[in-house]
Each structure stands twice: as C-alpha cells, then as structure tokens.
Amino acid sequence: VFGLLRSLDCLKYHLNPDIYPEDAHYLNNRDGSLFVWADAKQYSNNQYCIEKIHNSSVAMQKLYTFLCFNTKIVGNDRLRFKVYVIGLFISCSFYALTLLVYLSISKLRNLPGKILICLISNLLMAYFSIAVGQLMPTANNNICFALAFFTYFCLMAAFSWMNVMCRLGKYA
C-alpha cells in the first residue's frame, strides 16, 4: 500500500519522455516508486510527484511526472553560481577599467588600440549579459532567447576582433 503525493514542495523538474527519450520512466505498482530508465535509478514516492496540468494546446488535462532535485546538489550549485556571478562582475570591472584607460589616453588610440577597444567592449558586454542572465533568470522564452543571442553575438564579435588583431600582428 502506498500513496502518491501531489504538489510536492521541492525544487523539481518535469520528466518529459515525449521530447526527451532519456526521461522515459514508469511507476512501480508494488511500492509506488518511480524508475527512470536513463540512469537506472529508482526514486521513492517522496522524491517525485504527479501533477495534473492543463495543456492549452490540446485543451485537456494530463498527468505529468516531476522529479525533485537532490537538495545537496542544488545547495552547492547555488553557491557555485553566486561565486560565478561575482567572478564575472570582477572581470567586467577590470574590462571597464581597461576600456576607460584606452579611451582616455589619446596615444593608445592607434589602430591596434582601437581594435583592442572593440575587443574589450565586446567581452565586457558578453560577460555582463551572462552575469545578468545568472542573476535574474526569466521564464519568458523571448527575453531568454534575446539575451542568449546578444551574448552569442558579442562573443563571436570578440573572437573576430581577436582574429583581426592576430592578422594585424602578422603584417606589422
């Protein structure tokens, strides 16, 4: 005899075998445990929940399985992501300081200096957008996509400026 928990109060993620085959799972009728095929692991009934969610595209309700995150791992990841963001902001401050020096001293604004200004400004924007994405996660897919595209564009531009700088050094 076992019971299923609804709306389990934990950080959880949706197991969606329709989209991700590695999320394939089944419920054990004997003890109510959940078995996930990909990691061949069995979860007890207090580590997952089943929720009935209304699907607007199909106009019906369906049962979905949610698996709780391991709280030990999530706690360590939170600390790691905070340290990561602090490191990004420290990098951004030094990029901004370097950019300020190159913009304020006219002797440094020759062709290699201008290329370096472009490189540093692109790295500054990319690292800043990564830090903002870590600090303020959003459920809005459009904002997330725009921020990811902007970050990708800045990083590709930075690598392009590095390529220009290498080519300039070859002919100097």
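1. At the start of H2, the backbone nitrogen of glycine 113 has a side-chain oxygen of asparagine 110 within 3.0 Å, a polar contact in the sense of a pair of N or O atoms within 3.5 Å, where within protein one must be able to donate a hydrogen and the other to accept it, and residues adjacent in sequence count only if both atoms are side-chain atoms. The model is predicted, so local features need pLDDT of at least 70 and side-chain atom pairs count only at pLDDT 80 or more, whereas totals for chains, interfaces and linings use all residues. Residues are numbered from 1 along each chain as its sequence is written, and side-chain values use heavy atoms, with hydrogens and water left out.

2. Helix H2 covers residues 111-135, and because 25 residues at 1.5 Å each should span 36 Å, the 36 Å between its end C-alpha atoms agrees with expectation (the expected span being 1.5 Å times one less than the number of residues). Among the buried residues of H2 are Gly113, Leu116, Leu119, Asn122 and Ser129, buried meaning under 20% relative accessible area with a 1.4 Å probe, protein chains only.

3. The protein chain has 3 helices and 6 strands, in the order β-β-β-β-β-β-α-α-α along the sequence; helices (H or I, at least four residues) and strands (E, at least two) are DSSP runs, numbered from the N terminus.

4. The unreviewed UniProt entry annotates residues 83-103, 115-137 and 143-164 as "transmembrane region", although such annotations may be inferred rather than shown by experiment. Residues 83-103 are 100% helix, with end C-alpha atoms 30 Å apart, and residues 143-164 are likewise 100% helix, with end C-alpha atoms 31 Å apart.

Technical notes:
Buried means under 20% relative accessible area, exposed over 50%, partly exposed in between (1.4 Å probe, protein chains only).
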